[in-house]
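Subject: Model for you to look at

Hello,

Here is the model I promised. Please open it alongside this note; my findings follow.

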Amino acid sequence: MADLTTRFAGFKSPNPFWLASAPPTDKAYNIVRAFKAGWGGVVWKTLGEDPPVVNTCSRYGATSYKGNRVAGFSNIELITDRPLAINLQEIKEVKRDWPDRALVVSLMVPCDEESWKRILAAVEETDADGVELNFGCPHGMSERGMGSAVGQVPEYIEMVTRWCKQHTRMPVIVKLTPNVTSILGPARAAVRGGADAVSLINTVNSIVSVDLDLMAPEPVVDGKGTHAGYCGPAVKPIALHMVAEIARDPECRGIPISGIGGIESWRDAAEFIALGAGTVQVCTAAMHYGFRIVDDLKDGLARWMATKSYAGIEDFSGRAVANVRDWQYLNLEYKTIAAIDQELCIKCGLCHIACEDTAHQAIASLRNGGGRRYEVIAGECVGCNLCMHVCPVDGCITMQRADDGSRERNWTQHPNNPMAVGASPVDGAAE
Amino acid sequence: MAGSQVTAHPDIAAARLSPEVYRANFADVHPPLEADQAVVEANRCYFCYDAPCVEACPTGIDIPGFIRKIATGNVDGAGLRILEENIFGGSCARVCPTEILCEAACVRTEQQGKPIAIGALQRYATDPTLAAAVHPFTRALSTGRRVAVVGGGPAGLACAHRLAMLGHDVTVFEARERLGGLNEYGIAEYKVADHFARAEVDFVLAVGGIAVRTGVALGRDLSLADLRGDYDAVFLGMGLAGVKALECEGEELQGVFNAVDYIERLRQAADFATLPIGRRIVVIGGGNTAIDIAVQAKRLGAEDVTLVYRRTAEAMSATGHEQEFAQTNGVRIKHSAQPVRLTGRDGGVAEAVFEYTATQGGRLVGTGEIFALPADMVFKAIGQVFVADPLAEGGSSLLALANGRIRVDADGKTSLDKVWAGGDCIAGGQDLTVQAVEDGKRAALAIHRSLAG
């Protein structure tokens, strides 16, 4: 089977699966349980300056989707609410007992050099492998000028990152907030500041739901609520996009990326790695099911890698990056039309009504005798593939290639584009 | 009593079981879904377009529509969506053979062999509406027109309810003491436990505008000619009053019962411990009544219950699901055997003698091989027949019949002016509650059109 050993920005871990800085990594007790279960590394829940913060009751909100719980998850918990000295002592003990695992310490202190210098020195004492700068936390800390209040201002990111690199020998990971219009501003700032790696995404600003009896956002704290950080499976697409944007950005090229956001299965992890992540960090899935999920994360990923003849993570890390293009460079001559496998069709009619009401009137609803039959009207089908997505039967509707593959023309070359640059095919990365 | 017998003959006794066991045996056979179960099940529904399940429902309930409402937590809306097409949606949720109707048509049946539990969801949706203090439908302004409904079963009451909604004044004539028809008298107790049929009748009548006269029988207490004279329209939903005879030797022996009579007695019993039941039971027949008496006999404490049907399992009108239910209740089913004679001892039936059958040239014939089953009681459940006598005036029926039942057109209109009919008493009747409800509803709409015209 494939080797999952991971080398990432100066860290080494037996596998790429780390627990993200969050409630599961608040204490030695939890982290030892995680290491026993097989996690490759952890990012210790964010340390700050004493006195510790105070947390609320309750702290979490969740979205259920059609009976499936925790499709999305939100929290208003702050950084660790335990005294700094206790955390440092436990970090030291855990690292001593588990030398083969990556142990990263998340940090968040006020935006002045002395504060960072002070805490970095304290962390170095623990022999932790490195630090992660929490520039992402969207609630509670940002109002005090920390967390995403720093992460939304590239100049601050660069400045703090530079301080940290000056004041510690440890590798520095910068954790990025998604609550920005472009992730590249903060990512480039981290690179300029000398970051050894970036990790993303932190949670997304959100109100997960409203209690319609209390008329208050959830989680409700004594009748009131606040915006919370959204995470879990629902945010994975947002995270994948941001990871890809950094991976294909010339100014960020080569920066190691630790992917975070809704990772629940080995397949999720593989997607992040394919888009350029070197490690992945998990939280919500562990909070939902416990640390034992790491068993299939490792086993499933290694088996899939073996089927693809990938000997190690680096063999496929970033493999999909080159195929992420700006829209204008997609081939507009590539044509497909839908094909319905009548043997597999169960006659639910969802393809028809979706196309009829909301797309291109390209699927006919027919009756022969009492039987229903749904047929693609090839001349009307634009190959949008909506029908394929709504069909509840795997493999029943497929998109069949309709052009001969001989022509390639993108928007920059298209006659309908007033800005077309001519006939020569032009490719390019973002920006 | 024969001295060599270990047990007395016939071994028929009441109070075979403890009160707790009776209670458990005749409680709701399918407990209602809990809210979380209902939401999970509702979310399995694909919300099909032109859904096959709707077409498979004789009353055309908007099944994907009501299931979606359950999924979103709009249970009252779901209940109303069902009841607006089928006012007996509560009992249909319990007694419908969904496995040959909506659930057979469910696309998940084809995909996975596991349909949405439509019947269970329908019950989940309708239970709160039936239990609510306020009837969900209101009557239109009174039309001043009067309609007589003969028979207070699902067909008659569905017709009466729809007519009342449309503003007509309805009088229901019922020969028995209670309304409800087979739901009250003819279906296994555990399918409609806790007097559900009575509660449902009360719910239906709560729309208002429906007068009820029980203990009044057509042909005895009033005539069709009287009704046609006194009312603007008449709906006949009389069901099937007769039972088929075995026409074999020994049918008159003590211990030989019509299944429908015994079920009626069971359904009206205040205490199941008062019902005498044999140790060894033979049931003859292949329909739902045969299943219902066989299982209920077992649940009354009978030791050996054998159901004998003259044809194969596939030919039984009881569905595969019902047959399996009987078998898991410990009923032995023997196929392809017809009764030859019932033999008695000491005046009571002692043995049922059967001959194996086979199909030759499309006809069922006896093979000559004989077997006998010991029996303390024999239940006949080989079908019910329409009794046309109450319709007669001066010796001949006023109404045209077809295949021994009342002939109607697509609207339920009979050959006679101002007279409609529906339910089991009409030709082509399918002996299905849900079809009876549709017949009543459809006839009500036709009557409404004719009265308005």
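This is a predicted model: local features need pLDDT of at least 70, side-chain atom pairs count only at pLDDT 80 or more; totals for chains, interfaces and linings use all residues.

A:Gly276 follows helix α8 of chain A and has a positive phi, near 115 degrees. Helices here are DSSP runs of H or I with at least four residues, strands are E runs of at least two, and both are numbered from the N terminus. Residues are numbered from 1 along each chain as its sequence is written, chains are lettered from A and ligands numbered from 1 in the order in which they are written, and side-chain values use heavy atoms, with hydrogens and water left out.

Back to α8(A), residues 266-274. The helix is largely enclosed by the rest of the structure, because 7 of its 9 residues are buried (under 20% relative accessible area; over 50% is exposed, in between is partly exposed; 1.4 Å probe, protein chains only). Those residues are A:Trp266, A:Asp268, A:Ala269, A:Ala270, A:Phe272, A:Ile273 and A:Ala274. They pack against β3 (17-19), α7 (236-247), β15 (257-260), β16 (277-282) and α10 (294-307) of chain A. Contact means heavy atoms within 4.5 Å.

α6(A) also has a glycine after it: A:Gly194, with a positive phi near 95 degrees. Buried residues in α6(A) are A:Leu184, A:Pro186, A:Ala187, A:Arg188, A:Ala189 and A:Ala190. Their cover includes α4 (148-151), α5 (154-167), β9, β10 (197-200) and α7 of chain A.

A:Thr177 sits in the loop between β9 (172-175) and α6 (184-192) of chain A. It is buried, at 1% relative accessibility. Its side chain reaches the backbone nitrogen of A:Asn179 at 3.1 Å. That is a polar contact: a pair of N or O atoms within 3.5 Å, where within protein one must be able to donate a hydrogen and the other to accept it, and residues adjacent in sequence count only if both atoms are side-chain atoms. Leaving aside neighbours within four places in sequence, A:Thr177 is in contact with residues including A:Phe135, A:Ser148, A:Ile183 and A:Asn202.

A:Ala28 lies in helix α1 (residues 28-37) of chain A. It is buried, with a relative accessible area of 14%. Not counting residues up to four places away in sequence, A:Ala28 touches A:Trp44, A:Glu90 and A:Val94.

Now the interface. Chain A gives 17 residues to the contact and chain B gives 12. The two chains bury about 1200 Å² between them, 52% of it on carbon and sulfur atoms (accessible area, 1.4 Å probe, lost on being put together, summed over both parts). In chain A, A:Lys66, A:Ile346 and A:Arg372 lose the most area to chain B, together 39% of what that side buries.

The rule finds 4 salt bridges across the interface (a side-chain nitrogen of Lys or Arg within 4 Å of a carboxyl oxygen of Asp or Glu). A:Arg372 forms one with B:Glu55, with the closest N and O atoms 3.5 Å apart. α11(A) gives the most, with 3 residues.

Best wishes
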